[in-house]
Amino acid sequence: MITAGRVLGDQVGSTAPAFLAILAVHVLSGLTAVISGAAAALTRKGSPRHVRAGRWYYAAITTVFATAAGLAVMRWRQDYYLFITGAVAFTAATVGYLHRRLHRPGDAGHIAGMGIAYTAMLTAFYVDNGPHLPLWDRLPALSFWFLPSAIAAPIITRAILRARARGVE
């Protein structure tokens, strides 16, 4: 049985070497996804920088999901919901990626897919880590599940409406 422990003062699901190795890749991939996803969202659409950041984001979110699956298998009872949230993020990112790769008309599918993936990834992070973060630890547990979506939904909607107004949709 894998038991929880502390590493560098932080609570982790296990101190088993395999768990910690997968967790290290998971954390680095998550940081890469957060940074590259934000970079893609904030750069001019279609620019080489946007495309490069988007490719990094998709690769990172794929790795985050793969490592989340490995971590969840090791602690299924405690972490199954993180696997489900990761599957939602990966599926949404894949929809957004394929929308662009298959040259589907308009940007709504791409924007929605990538935005939902980013939101699901942050939701999983906050659900798992929010109770241990300063200030976040004062929020009710349900806020970790709903606050990221409440913030992201208007932003994603605005981005889709702006794309349509530019005549891209």
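Q: Which residues of helix 3 are buried?
A: In this predicted model, the buried residues of helix 3 are Asp79, Leu82, Thr85, Gly86, Ala89, Ala92, Ala93, Thr94, Gly96 and His99. The label requires a relative accessible area under 20%.

Q: What covers the buried residues of helix 3?
A: The cover includes helix 2, helix 4 and helix 5.

Q: Why is histidine 99 called buried?
A: Histidine 99, in helix 3, has a relative accessible area of 13%. The limit for the label is under 20%, so histidine 99 counts as buried.

Q: What does histidine 99 touch, not counting residues up to four places away in sequence?
A: Histidine 99 touches Arg104, Pro105, Gly106, Asp107, Gly109 and His110.

Q: Why are helix 2 and helix 3 called roughly antiparallel?
A: Helix 2 (residues 48-74) and helix 3 (residues 76-101) pack at an angle of about 155°, and their axes are 8 Å apart. Angles over 145 degrees count as roughly antiparallel, so the pair takes that label. The crossing of helix 2 past helix 3 is left-handed.

Q: Which residues of helix 2 and helix 3 meet?
A: From helix 2 come Arg55, Tyr58, Ile61, Thr62, Phe65, Ala69, Leu71, Ala72, Val73 and Met74. They meet Trp76, Asp79, Phe83, Gly86, Ala87, Ala89, Phe90, Ala93, Thr94, Tyr97 and Arg101 of helix 3. By class, the residues of this contact of helix 2 with helix 3 are 15 nonpolar, three polar and three charged.

Q: What makes helix 4 roughly antiparallel to helix 5?
A: Helix 4 and helix 5 pack at about 165°, with axes 9 Å apart. The cut-off for roughly antiparallel is over 145 degrees, and the angle therefore makes helix 4 roughly antiparallel to helix 5. Helix 4 passes helix 5 in a right-handed crossing. Among the residues making the contact are Ala108, Ile111, Ala112 and Gly115 of helix 4, and Phe144, Trp145, Pro148 and Ser149 of helix 5. The contact of helix 4 with helix 5 has 14 nonpolar, four polar and one charged residues.

Q: What is the size of the largest nonpolar core, and which residues have the most contacts inside it?
A: The largest nonpolar core has 13 residues, and those with the most contacts inside it are Ala33, Tyr57, Ile61, Ala93, Ala117 and Met121. Helix 2, helix 3 and helix 4 each supply at least two residues of this core. The largest share, five residues, comes from helix 4. A second, separate core of five residues includes Ala108, Ala112, Ala152 and Ile160.

Q: Which residues are in contact with alanine 93, leaving aside its neighbours within four places in sequence?
A: Alanine 93 is in contact with Tyr58, Ile61, Gly113, Met114 and Ala117.

Q: Why is leucine 135 called exposed?
A: Leucine 135 has a relative accessible area of 66%, and the label needs over 50%, so leucine 135 is exposed. Leucine 135 is in the loop between helix 4 and helix 5 (141-165). Its phi is near 70°, a positive value in a residue other than glycine.

Q: What makes phenylalanine 146 exposed?
A: Phenylalanine 146, found in helix 5, has 54% relative accessibility. That value is set against a cut-off of over 50%, so phenylalanine 146 counts as exposed. Phenylalanine 146 and threonine 85 are 61 residues apart in sequence and 13 Å apart in space, C-alpha to C-alpha.

Q: Why is valine 34 called partly exposed?
A: Valine 34 is in helix 1 (residues 17-42) and has a relative accessible area of 31%. Buried means under 20% and exposed over 50%, so valine 34 falls in between and is partly exposed. Not counting residues up to four places away in sequence, valine 34 touches Tyr118, Met121 and Leu122. Valine 34 and isoleucine 61 are 27 residues apart in sequence and 9.0 Å apart in space, C-alpha to C-alpha.

How values were computed: Residues numbered from 1 in each chain as written. Predicted model: local features only at pLDDT ≥ 70, side-chain atom pairs only at ≥ 80, totals over all residues. Heavy atoms only, no water. Axes fitted to C-alpha atoms, helices over the stretch in contact; angles between N-to-C directions. Helix = DSSP H or I, 4+ residues; strand = E, 2+ residues; numbered from the N terminus. Parallel < 35°, antiparallel > 145°, perpendicular 65-115°, else oblique. Left-handed = near helix turned anticlockwise from the far one by under 90°. Contact = heavy atoms within 4.5 Å. Nonpolar A, V, L, I, M, F, W, Y, C, P; charged D, E, K, R; others polar. Buried < 20%, exposed > 50% of the residue type's maximum accessible area, 1.4 Å probe, protein only. Core = buried A, V, L, I, M, F, W, Y, C linked by side-chain atoms within 4.5 Å.
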